[in-house]
Each structure stands twice: as structure tokens, then as C-alpha cells.
Amino acid sequence: MSSYYIHSNFPEIGTISVVGGGIAGLALAATLDPERWSVTLHEQAPDRPPAGAGLAMWPDVMAALDSIGVGDTVRANARLIDRFELADGARRTLHVIENRSAHLVTRPHLLKALDAAVPASVVRSTGRVGRLTRWRATSWSGRTASGESNWYLAHRANGEFANISAWGDATAHRVAVALAARFGAEAEALIGATTPAAILRQDLWVAPARWRLSSGRAVLIGDAAHAMAPNLGRGACESILDAVALGQALSTMDVPRALRHYQRTRAARTQGLRAASSLAMRVSMLERGAGLRDRLVRLPGVRHR
């Protein structure tokens with residue numbers, strides 16, 4: 001979650017305060033031209049261990065990471081995935097996507113690469129910024145990365161699932177294994193082999209539509225602008241694209257023009273993906289009509305096994 005105060009008397013050096021040192025904040029700090037901007041990066045909990053979940057970096061995002069010099073580092077610590085398969089609970093293939101690749105990298109490796117790209121001139125500040133309302137949206141209900149595997153399970157927040165954040169490790173592990181059993185022995189074994197302490201249990205929140213991305217001197221990027229469901233694998237990707245687009249605009253244009261450019265190029269795309277991700281989540285979690293859903297997904301011409 002990142003928001004920004006911008007002060008500038010172009011072409012003199014201006015000041016930017018980046019609130020939030022996560023993926024979006026680090027990517028923005030790494031993109032901004034240090035000869036044009038004096039940047040302070042604020043993070044309330046810089047020593048908090050990052051979650052170890054896997055994040056899919058699609059080709060457009062890898063190009064953005066290349067532009068700030070961290071693409072090769074991410075590739076070196078990622079697994080290349082070039083085939084994606086959508087299956088039902090009985091492991092019947094519904095849809096196959098080929099000839100499109102993504103690099104699956106853990107959040108700690110991505111954050112480390114982005115952090116190393118931040119110029120030494122950026123001032124690091126620890127503590128809460130009180131003048132902005134801070135809120136955070138979590139991307140997964142349950143997740144972990146184990147070796148080369150990455151998984152998450154989603155369930156409606158009702159009944160025993162109404163307060164999963166309060167569960168202990170053993171309870172989270174037991175429930176996850178029970179849910180995985182519905183998807184076959186392989187899924188049950190994979191999740192059963194996961195260390196209980198490595199399982200995150202989090203409520204999932206998505207952002208409402210937010211078409212206006214800046215107001216006065218404050219600009220929203222990342223989850224602050226478009227927190228979305230994880231079903232399309234675009235949350236972290238769009239945060240990076242936001243940061244690079246805004247950073248490059250602020251480094252090459254005067255501020256009003258840069259903010260108009262950012263609004264024009266990012267608002268419709270990110271809000272569209274936010275809505276599409278929410279729809280995909282609702283469709284994937286259908287309890288009634290799941291059979292019809294699966295038949296509709298099984299499109300003509302799709303390779304099945």
C-alpha cells in the first residue's frame with residue numbers, strides 16, 4: 001500500500017514522500033530519477049518478515065523490472081512457467097493455456113531485488129505516517145511456498161472460517177489438509193507436507209472502484225488504488241506497472257502532466273482488472289451451478305486429457 005506527497009518546483013529538485021515500503025513503494029523509489037527528486041521512503045515495519053508466497057511475473061512486468069535493472073535478478077530466483085492448466089476438483093482438465101510464460105518468484109526474493117535497486121540517496125524512514133489514512137488489502141486466504149510449489153485455498157468467511165486470522169498453526173494445517181483432500185491425494189499430500197508454521201491464514205479484502213488516482217499532492221498506486229482478488233495473478237504485477245509508469249512520468253514530465261499521464265494510462269486498466277479478478281473469484285467459488293460453470297469453461301478447441 002503506497003501513497004505519495006509530491007512537492008516540486010520543476011526543473012529544480014522536488015521532494016517525494018513514499019508511504020509504504022512494499023512492492024509498489026520500493027519499485028517507485030527505484031524508478032524515480034535521483035537527480036530530479038529527493039525521495040523519502042516511509043515504512044512502518046521494515047523488519048517484518050515478508051510472506052513467502054509465490055508471485056507470477058508476466059512478460060509485461062518483467063520488461064518493467066528490466067527497466068529498473070532488476071529483471072535478471074528476479075529471473076535468477078524464479079521458476080519459469082510456460083503452461084497453465086485449469087482443472088476441476090476431480091482433476092479433469094477444463095482449460096489449458098500454452099505459449100504464454102510467467103516467472104514465479106517468492107515475495108521475499110522480489111522485495112530483496114527491488115530494495116537493492118533503490119538508490120542510496122533515498123532516505124529511509126521508520127514509523128507511521130499520520131496524515132494519510134493507511135489501509136491494507138490482503139491477497140490470499142491461505143498461502144505458502146514450499147520448495148518449487150505454491151498453493152492457496154480460498155473459502156467463504158462464514159461458520160468456522162469467520163476468524164481464520166486467529167487460528168493457531170496446528171488448526172490452520174488441519175483445516176487446509178481437509179480442504180485439499182477434496183482435490184485428490186496429490187493435493188492432500190502436498191499441503192500435508194507443508195510446515196504448519198509456514199501457512200498464512202488471512203482474510204481477503206478487495207478495494208472498491210477507485211477511478212481517481214490522485215488528489216492534490218497525493219497519488220495512489222498499488223493496493224491502495226486497486227487491491228484485487230488473487231485469481232488472475234495481477235495484483236503485484238499491476239503494483240509494479242503503476243510504480244514504473246508513475247516514476248518514469250515524474251522523471252520526464254512536469255508534475256501536472258505526469259499525473260494526467262498516470263491517470264490516463266493506469267486507471268481504466270487497473271479498475272478493469274480489479275473487477276475481472278473479483279468476478280473470477282466469485283465464479284471459482286460457486287457452490288451451486290459449479291457443473292454448469294465447468295462445462296462453460298471447457299471451450300471448443302481446448303486441449304483436454
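A polar contact is defined here as a pair of N or O atoms within 3.5 Å; within protein, one atom must be able to donate a hydrogen and the other to accept it, and residues adjacent in sequence count only if both atoms are side-chain atoms. The model is predicted, and local features need pLDDT of at least 70, side-chain atom pairs count only at pLDDT 80 or more, and totals for chains, interfaces and linings use all residues. Residues are numbered from 1 along each chain as its sequence is written, and side-chain values use heavy atoms, with hydrogens and water left out.

Two such contacts involve Arg 201, whose side chain reaches the backbone oxygen of Ile 199 at 2.8 Å and the backbone oxygen of Trp 167 at 3.0 Å. Arg 201 lies in strand E10 (residues 200-201); strands (E, at least two residues) and helices (H or I, at least four) are DSSP runs, numbered from the N terminus. With a relative accessible area of 17%, Arg 201 is buried (buried means under 20% relative accessible area, exposed over 50%, partly exposed in between; 1.4 Å probe, protein chains only).

Helix H9 comprises 30 residues (residues 255-284), and its end C-alpha atoms are 42 Å apart, in agreement with the 44 Å that it should span at 1.5 Å a residue; the expected span is 1.5 Å times one less than the number of residues. A kink of about 35 degrees in H9 is centred on Arg 266, the bend at a residue being the angle between axes fitted to the seven residues ending there and the seven starting there. The N-terminal end of H9 is capped by Asp 254, a side-chain oxygen of which lies 3.0 Å from the backbone nitrogen of Arg 257.

The structure contains 11 salt bridges, each a side-chain nitrogen of Lys or Arg within 4 Å of a carboxyl oxygen of Asp or Glu. One of them joins the side chains of Arg 269 and Asp 60 (3.4 Å, N to O). This pair links distant parts of the chain, with Arg 269 in helix H9 and Asp 60 in helix H2 (residues 59-67), 209 residues apart. Arg 269 is partly exposed at 37% relative accessibility, as is Asp 60 at 32%. A network of salt bridges links Asp 60, Arg 234, Glu 238, Asp 242, Arg 266 and Arg 269.

Within helix H3 (residues 71-76), Arg 75 and Asp 72 are 3 residues apart, about one turn of the helix, and their side chains form a salt bridge (3.1 Å, N to O). Asp 72 is exposed at 60%, whereas Arg 75 is partly exposed at 30%.
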